[in-house]
Amino acid sequence: MNLSGYTCQGEVLHLVIGMMQHLEDQQLYPQSSSDQAIADALPAPLPIAAPELSNPKISVVDLSPSEPSSSEPSPSEPSTAEASLNHSVEAISGSRMMGDRHFYDWQWQGQAIRGVYEVMGQGKPILLLPAFSTISSREEMRRLAELLSQQYQTYLLDWVGFGESDRPALAYEPKLYRAFLRSFVSETFQEPIVVIAAGHTAGYVMALAQDDPKPWSWVVLSAPTWRGPLPTMMGDDKRKTYHLLQKLINLPVLGQLLYWLNSTRWVLRWMIKRHVYADRSHITRNLVREKWKITQEPGARFAPAAFVTGRLDPVRSTQEWLNFFQPLPLPVLMVIGEQMPPRSRAEAEVAAHFSGVQVLRLPGTLGLHEEYAEQFFQGISPFLGKYLSDRKKQ
């Protein structure tokens with residue numbers, strides 16, 4: 001049996017291997033001389049240890065030359081979601097701290113799509129955006145939201161194609177997510193807000209920061225990335241091959257098989273260990289089980305396949321990524337994990353060094369906002385409290 005000129009058995013094996021390779025550490029991708037020079041200049045990683053709340057291992061470097069401009073819009077009290085016609089609310093409860101579960105009904109190219117988000121606490125609004133990944137959901141932001149909701153009102157959003165939001169079989173691409181985020185923010189909040197964005201979502205937040213009026217008053221980027229796993233490790237010149245892989249994963253039978261091979265509990269544990277959690281002792285059986293449940297939802301493979309193959313990359317070059325920060329459109333705090341994959345960390349360090357971005361360094365890798373939520377909260381709180389206090393005085 002042939003599939004587009006390739007033997008089915010050999011091509012499937014080749015594609016499975018390619019799909020599995022994204023789980024490897026990004027050091028497998030050969031670095032250029034400039035990448036290596038940046039990596040060599042990076043500070044040595046902090047030793048990995050469970051967070052000590054009384055004495056967190058936090059390194060802060062303030063590269064911002066001045067306070068935020070008084071001309072910037074100040075954050076406002078949150079709007080009432082129930083007042084919007086395309087919002088509905090349902091109370092939920094559980095063993096963890098839970099908020100009110102809301103629905104955001106949206107249209108994309110004539111198709112009705114329902115997003116899900118959750119609201120906790122009272123006070124100034126803060127939007128928390130989880131990273132894109134096979135195991136992405138708002139749950140990864142829950143502990144951080146719990147801590148922040150003691151003083152602020154937190155909004156946890158599931159992206160379209162991830163978490164509890166609808167996961168239709170459609171063309172997942174950057175313009176969809178830019179439109180979804182812009183629409184959600186404009187219809188949910190009356191004035192610019194604080195946003196915390198993890199991983200790949202950093203690029204979407206910074207893209208909207210170019211809007212006028214700006215949707216954000218202050219931005220926190222957690223372990224920011226812009227290039228998908230396969231393009232990072234295997235090169236940008238193979239994007240047509242990655243697109244073919246995405247199309248195969250979207251197929252009813254073959255795609256389901258490829259996705260199943262890539263989402264077993266053993267594979268998920270390996271993925272988390274490689275570049276999501278820094279401390280293996282934090283990767284419990286319960287954690288893996290909860291992450292695995294995310295992958296079993298109907299339509300779960302479509303958006304993650306787009307992410308892994310680079311179809312959700314917000315930009316296509318390092319220069320485009322750096323342009324988000326030069327000039328800096330608004331106050332930004334970048335949280336860099338000391339154990340981030342080398343290439344991702346190098347590009348975050350460059351963006352921070354050559355702009356007015358403030359920097360907070362913490363233990364952890366791409367999932368540091370979840371693994372070290374307490375230290376993350378302690379690290380950003382002084383910045384957040386000072387910024388909102390200064391805004392209130394203006």
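Here is a short tour, going from the whole chain to a few stops inside.

**Before you click.** This is a predicted model, so to speak of local features takes pLDDT of at least 70, side-chain atom pairs count only at pLDDT 80 or more, and totals for chains, interfaces and linings use all residues. Residues are numbered from 1 along each chain as its sequence is written, and side-chain values use heavy atoms, leaving out hydrogens and water.

**Whole chain.** Show the protein chain as a cartoon and you have 15 helices and 12 strands; these are DSSP runs numbered from the N terminus, with helices being H or I of at least four residues and strands E of at least two. Of its 394 residues, 57% are buried, meaning under 20% relative accessible area, while exposed means over 50% and partly exposed lies in between (1.4 Å probe, protein chains only). Take the contacts (heavy atoms within 4.5 Å) with a separation of 6 or more: 77% of them link residues 24 or more positions apart.

**Strand 11.** Select 332–337: six of the six residues are buried. Val332, Met334 and Ile336 point one way, and Leu333, Val335 and Gly337 the other. Strand 10 (216–222) runs parallel to strand 11 and is joined to it by four bridges, with Leu221 partnering Met334. Strand 12 (358–362) is also parallel to strand 11, through five bridges; there, Gly337 partners Leu362.

Bring in helix 13 (342–353), and strand 11, that helix and strand 12 make a right-handed β-α-β unit. To check the hand, point the strands away from you: the path from the first strand over the helix to the second runs clockwise.

**Serine 149.** Next, go to the loop between helix 3 (142–148) and strand 8 (153–158), where Ser149 sits. Is Ser149 buried or exposed? Its relative accessibility is 8%, so Ser149 counts as buried. The Ser149 side chain reaches the backbone oxygen of Glu146 at 2.9 Å. Leaving aside residues up to four places away in sequence, Ser149 touches Met97, Met120, Gly121, Gln122 and Thr154.

**Helix 4.** Last stop: select 174–188, a helix of 15 residues reaching 21 Å from first C-alpha to last, close to the 21 Å expected (1.5 Å times one less than the number of residues). Colour its buried residues, including Tyr177, Phe180, Leu181 and Phe184.

Note on methods
Polar contact = N/O pair within 3.5 Å; in protein donor to acceptor, adjacent residues only side chain to side chain. Pairing = 2+ DSSP bridges.
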